[in-house]
Amino acid sequence: MTALRVPARPEQDASLRPVPWRRMAWVTWRQHRFALAGVAALLGALAVYLWLAGLRVHHAWTAAAACRPASSDACGNLIGGFLATYWPTAQLIAALLLTAPALIGAFVGAPVLARELETGTFRFAWTQGFGRWRWTLAKLVPLAITVAAAAGVFSVLFSWYFQPFFAAGQQIPLAPAVFGLRGVAFAAWTLAAFAIGGLAGLLIRRVVPAIAATLAAYTGLALAAGLYLRQHYLTPLLTSNPNPPGSPWMIGQSAWIVSQWWTKGGKPISQSVLSQVLQGAPQLAGKGGVPQSPNVTQYLNQHGYTLWTSYQPGSRFWPFQWIEGGWLLALSVLLIAATVWLVRRRAA
Amino acid sequence: MSTNVIEASGLSKRYGSTWALRECTLAIAAGHVAALVGPNGAGKTTLLNLAVGMLAPTAGTIEVLGGRPAGSPAALDGIAFVAQDTPLYKNLPAADMLHLTRNLNRRFDQDYAEARLGELGIPLNRKTGRLSGGQQAQFALTLALARRPRLLVLDEPVAMLDPVARHDFMALVMTAMAADGVSVVLSSHVLAELERVADYLILLSRGRVQVAGEVEDLLASHRVLTGPAAEADRYAERLRVVHARRGEAQAHLLVRACAGDPVPPGWEAHPVGLEELALAYLRESGAAALPGPARSRNAEPSEVTR
């Protein structure tokens with residue numbers, strides 16, 4: 001037979017320039033605009049609420065803080081009233097916000113690859129001229145930057161909203177409940193959650209299980225960071241004098257107490273021994289728990305016991321923010337790089 | 001200039017402990033409609049996925065379009081792949097699907113694609129998920145052809161289609177083939193369809209290439225001998241029988257033989273059809289496991305043109 005000849009098309013073979021990156025922008029936007037709209041709606045609605053609530057909180061706090069003399073009972077009652085009114089809501093908002101990065105990572109990050117793999121469209125997408133790994137990179141990176149930036153802007157607003165509660169001494173910036181919601185941490189956690197979602201979607205290949213796995217992995221990571229990692233970012237300071245001049249009875253208002261223990265003659269003393277000692281001073285005991293009130297401490301000090309406190313001073317807030325943001329950024333880059341590498345390797 | 005659109009050498013692919021494809025060596029020259037035939041699990045989809053770079057070989061090499069590594073940017077640029085079940089983004093309107101495909105490729109013939117959609121009666125604002133199965137397949141093929149590929153790879157393109165849609169689909173493939181010189185490699189279960197369109201046949205069996213060659217040559221080198229069943233065994237020893245079908249009185253032997261070869265007395269020789277040939281080899285995967293048609297002029301299992 002006479003074979004049909006493919007017409008020579010030299011322009012295709014010579015200098016094959018890849019499809020420009022910017023062409024993926026429309027594709028990513030078109031396919032993920034609903035997910036991004038969801039993020040915008042979630043954070044936008046919360047932002048409007050925070051703005052309105054924040055105005056009331058700041059107004060009330062300004063009034064309470066202006067009270068003079070500050071140490072009077074009347075002023076104390078005013079601040080107490082402020083906290084009674086606004087603190088429960090603030091706590092609830094902070095608790096809800098802790099879940100926001102996980103939700104964004106699970107519902108925006110996980111489907112990016114899982115949906116393609118689940119519906120089979122990856123066979124279409126990955127055989128186009130753009131190329132498989134470039135497609136993956138061009139989807140994950142802009143989406144990651146977008147959600148992280150949105151979270152970053154939002155956390156500035158939250159910081160402003162929450163400021164009066166720090167001023168009132170109700171919460172410290174290093175506390176696990178709010179540390180991850182302010183500074184660079186909120187954006188970094190959102191970024192990490194998204195990167196976890198992307199990789200989970202590739203490995204699990206189905207949307208719903210990938211979402212569940214992302215939520216689980218994120219929760220585990222956040223708990224590990226809050227409970228174990230963060231207190232070791234820098235070596236905690238140690239003091240045996242919990243009452244430096246100028247502070248009521250603790251090491252400044254803003255320090256994050258890592259741990260406390262009693263010693264006598266250089267040896268650690270167990271709780272049961274302390275309880276026995278305190279029974280010699282019946283007017284102090286009876287409340288149970290760790291004896292920490294000034295009187296108890298004084299009493300024990302007089303009997304040769306020393307209270308040691310390891311703590312992270314409040315001045316370490318920003319160093320800690322940069323450390324946490326730094327390792328989360330590194331982790332996210334690693335996860336996204338691993339995702340792209342796996343997509344590339346799956347096939348040639 | 002004639003190139004091989006697919007050239008595999010010792011190509012093997014293993015999933016866990018199962019070999020989906022073993023030591024597959026073949027070359028398909030440009031300008032063919034090559035049909036990949038074989039039972040389920042023979043490795044058809046694996047071979048096609050290797051050709052488009054969706055899988056990496058466990059061993060061996062596969063090159064496309066004259067020496068481009070499968071899956072490389074240069075290879076992807078010249079190959080359009082329509083996967084099994086013709087995946088499309090179901091929530092995208094047809095127009096956005098065109099836009100997306102245009103953005104993902106260096107070339108995209110928007111006018112051609114829109115004209116084809118017009119002929120198919122697919123409105124641009126219709127979501128692809130709301131198209132009929134036949135329309136989805138046609139749409140996926142249109143997207144592939146609008147990329148102006150040099151090689152079109154189709155994995156079971158008509159399996160899910162009704163006869164009319166099947167006919168229309170293959171007609172579009174043949175038009176593209178004739179008009180643009182697109183080479184086509186397709187896998188299919190539907191043997192009857194292949195007879196009309198394929199001019200190159202690759203038969204896979206249990207991950208190995210059983211037959212590979214131009215349809216014309218294959219048909220010329222095989223024929224069916226019909227004669228008394230009682231004599232079948234006697235001749236079966238002397239002739240190169242691919243497949244024997246015995247009735248009460250008569251036996252039909254598919255043998256490898258050229259037109260001039262002598263016919264035993266009392267027997268009749270008939271030319272063989274592609275479907276019959278393919279079926280015979282499919283039934284005799286063990287007996288005829290080795291490469292294809294014995295051809296005196298070439299020891300290679302397939303024709304390599306460079």
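A residue counts as buried if 20 or more other C-beta atoms lie within 10 Å of its own, as exposed if 12 or fewer do, and as partly exposed in between, with C-beta atoms placed from the backbone. This is a predicted model, in which local features need pLDDT of at least 70, side-chain atom pairs count only at pLDDT 80 or more, and totals for chains, interfaces and linings use all residues. Residues are numbered from 1 along each chain as its sequence is written, while chains are lettered from A and ligands numbered from 1 in the order in which they are written.

B:Arg148 is not a glycine, yet its phi is positive, at about 50 degrees. B:Arg148 sits in the loop between helix H5 (133-146) and strand S7 (151-155) of chain B. Helices (H or I, at least four residues) and strands (E, at least two) are DSSP runs, numbered from the N terminus. B:Arg148 counts as partly exposed because it has 19 C-beta neighbours inside 10 Å.

A:Arg205 is not a glycine and has a positive phi near 70 degrees. The loop between helix H8 (185-204) and helix H9 (207-229) of chain A holds A:Arg205. A:Arg205 is partly exposed, because 16 other C-beta atoms lie within 10 Å.

A cis peptide bond runs from A:Arg68 to A:Pro69, with omega near -10 degrees. A:Pro69 belongs to the loop between helix H2 (23-65) and helix H3 (73-97) of chain A.

**Chain B overall**

Chain B has 10 helices and 14 strands. Its C-alpha atoms fill a box of roughly 65 × 40 × 40 Å along the principal axes. Of the 306 residues of chain B, 52% count as buried.

Two residues are in contact if their C-beta atoms, placed from the backbone, lie within 7 Å. Among chain B contacts between residues at least 6 apart in sequence, 71% join residues at least 24 apart.

Helix H1 (residues 44-51) of chain B is mostly covered, with seven of its eight residues buried. Among them are B:Leu47, B:Leu48 and B:Leu50. Just after H1(B), B:Gly53 takes a positive phi of about 85 degrees.

**Domains**

Domain bounds come from an automatic or database domain assignment. The table gives them for both chains.

| Chain | Domain 1 | Domain 2 | Distance between C-alpha centres |
|---|---|---|---|
| Chain A | 35-235 + 317-346 | 237-314 | 36 Å |
| Chain B | 4-216 | 221-283 | 34 Å |

In chain B, 11 residues of domain 1 are in contact with seven residues of domain 2. On the domain 1 side, helix H7 (191-197), strand S9 (200-205) and strand S10 (208-214) of chain B each give two or more residues. H7(B) supplies the largest share, four residues. That side has nine nonpolar, one polar and one charged residues. Here Ala, Val, Leu, Ile, Met, Phe, Trp, Tyr, Cys and Pro count as nonpolar, Asp, Glu, Lys and Arg as charged, and the others, Gly among them, as polar.

In chain A, seven residues of domain 1 are in contact with six residues of domain 2. The domain 1 side has five nonpolar, two polar and no charged residues.

**A sheet in chain B**

Four strands form an open antiparallel sheet in the order S12-S13-S11-S14 (chain B). Strands pair if DSSP finds at least two bridges between them. The edge strands are S12 (241-246) and S14 (268-271) of chain B, each pairing on one side only. The twist averages 20 degrees from one strand to the next.

Strand S11 (residues 222-228) of chain B and S14(B) pair antiparallel over four bridges. B:Val224 has B:His270 in S14(B) as its bridge partner.

Helix H9 (residues 229-238) of chain B lies across S11, S12 and strand S13 (250-256) of chain B, at about 25 degrees to S13(B). Helix H10 (residues 274-283) of chain B packs on the sheet, touches S11, S12 and S13 of chain B, and makes about 95 degrees with S12(B). Axes are lines fitted to C-alpha atoms, for helices over the stretch in contact, and angles run from 0 to 180 degrees between N-to-C directions.

**Between the chains**

The contact takes 38 residues from chain B and 29 residues from chain A. Helix H2 (73-78) and helix H3 (94-103) of chain B each give two or more residues to the chain B side. H2(B) gives the most, with five residues. The chain B side divides into 19 nonpolar, 11 polar and eight charged residues.
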